[in-house]
Amino acid sequence: MACRGCGCSCGPGHLNEDNARFLLLAALIVLYLLGGAAVFSALELAHERQAKQRWEERLANFSRRHNLSRDELRGFLRHYEEATEAGIRVDNTRPRWDFTGAFYFVGTVVSTIGFGMTTPATVGGKIFLIFYGLIGCASTILFFNLFLERLITVIAFIMKSCHQRQLRRRRALPQQSLQAPAKGVAGGPAGWKPSVYYVMLILCVASLLISCCASAMYTCIEGWSYFDSLYFCFVAFSTIGFGDLVSSQNAMYESQGLYRFANFVFILMGVCCIYSLFNVISILIKQSVNWILRKVGGGCCPRCRRALPRSRRNVVMPGNVSIETDGAMESDTDGRRPSDGQHPSEEVISMKDFLTANKVSLAALQKQLSESANGCHHQPGTQPRDSEFSGGVGAFAIMNNRLAETSGDR
């Protein structure tokens, strides 16, 4: 049924903003997958066919040269595949299930990297892996969330110190106000928070620096090309873990103990930084989805547009890293309007908010689940209706809630 008095085709059962956002994101992910499949198929299919043709020619030549039937030769190769699954290689490699090899394996399990070059072969090992991974993966995700909280806190502290030093140089604030800032000073240190774009830039630089240093080490010790080493770093740090390249698998290395320790440190730091970067990028993706929803809802009647996200300050415009700023909105710090050239659209994350919000994010999620299970709904006054950044657990929820506070109408 169309709305009365307008040409809009929105019916009374139209989607609310949460469901619309979910369906739009699902549709975009499907399109992203289809596009990625088309690109990889165009790039890799010809190479796969050439490799298969070369393999068939080599197999036929070997069969004729040694007077072996194709069936016998294929049966022998199947036995080699079984040995490969058990960790046996033609070249001399390290034992897979000694203590150090098992420690490397459990590290790939709990970090969800899962290279796949080592897998349990016994029934007992497979059963133990199910319960071990259940607790280990959950604990590691919690560790990553806490790492992200502290990392953002350190970044915020450093950037705030630089901001205070910049204010001293400009003599915008007296020394007394920097030491004991008064409330309501817009643009001062008390109400200043670093931009999420600066945080993303810092995480990108940190991830790139760790990857470049680790790649230099792998190039020298593993004998890979530098590009292959960078490729391995992304696959491992992002916990994709294909297993085509795996570090620290040879039986002997020069300075073996030092190399294995450095490999562990690089992978740990890389996974933490990439995980943090993914969380920050996901906020920007949410903003882009909200921008699309507003554009799609632009043709609806005013009554229907109420269900869509309203205009916000922190909005990433696709193709342009710019921010829509609503100058009439109030500052989220003290309820006053922005002044002194300080734009609240550039303020996203506060150290105090990071320290406090993480302690209640899980409880808030449990409360929402309980209310949903009992058929209860939030009262209009309890939570902003247009807070599309709410939700999540841990550090992701902290950044979402912080972004919702700084970008929502007051």
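**View 1. Ile-267 and its contacts in the predicted model.** Skip the neighbours within four places in sequence, and Ile-267 is in contact with Tyr-104, Ile-113, Tyr-218, Phe-237 and Ser-247.

**View 2. The largest nonpolar core, and another one apart from it.** Ile-267 turns up again here: along with Phe-115, Tyr-218, Phe-232 and Phe-237, Ile-267 is among the residues with the most contacts inside the largest nonpolar core, which has 25 residues.

**View 3. Helix H6 crossing helix H7.** The axes of H6 (residues 196-221) and H7 (residues 226-237) come within 8 Å and cross at roughly 125°, which makes H6 oblique to H7. As for handedness, the crossing is right-handed. On the H6 side, the contact is made by Ile-210, Ser-211, Cys-212, Ala-214, Ser-215, Ala-216, Tyr-218 and Thr-219; H7 brings Tyr-226, Ser-229, Leu-230, Phe-232, Cys-233 and Phe-237. Sort the contact by class and you get 10 nonpolar residues, 4 polar ones and no charged ones.

**View 4. Ser-276, a buried serine in H8.** Ser-276 is found in helix H8, which covers residues 256-296. Its relative accessibility is 0%, so Ser-276 counts as buried. Setting aside residues up to four places away in sequence, Ser-276 touches Phe-147, Leu-148, Leu-151 and Leu-203.

Note on methods: Residues are numbered from 1 along each chain as its sequence is written. This is a predicted model: local features need pLDDT of at least 70, side-chain atom pairs count only at pLDDT 80 or more; totals for chains, interfaces and linings use all residues. Side-chain values use heavy atoms; hydrogens and water are left out. Axes are lines fitted to C-alpha atoms, for helices over the stretch in contact, and angles run from 0 to 180 degrees between N-to-C directions. Helices (H or I, at least four residues) and strands (E, at least two) are DSSP runs, numbered from the N terminus. Angles under 35 degrees count as roughly parallel, over 145 as roughly antiparallel, 65 to 115 as roughly perpendicular and the rest as oblique. A crossing is left-handed if the near helix is turned anticlockwise from the far one by less than a right angle, and right-handed if clockwise. Contact means heavy atoms within 4.5 Å. Ala, Val, Leu, Ile, Met, Phe, Trp, Tyr, Cys and Pro count as nonpolar, Asp, Glu, Lys and Arg as charged, and the others, Gly among them, as polar. Buried means under 20% relative accessible area, exposed over 50%, partly exposed in between (1.4 Å probe, protein chains only). A nonpolar core is a set of buried Ala, Val, Leu, Ile, Met, Phe, Trp, Tyr and Cys residues joined through side-chain atoms within 4.5 Å.
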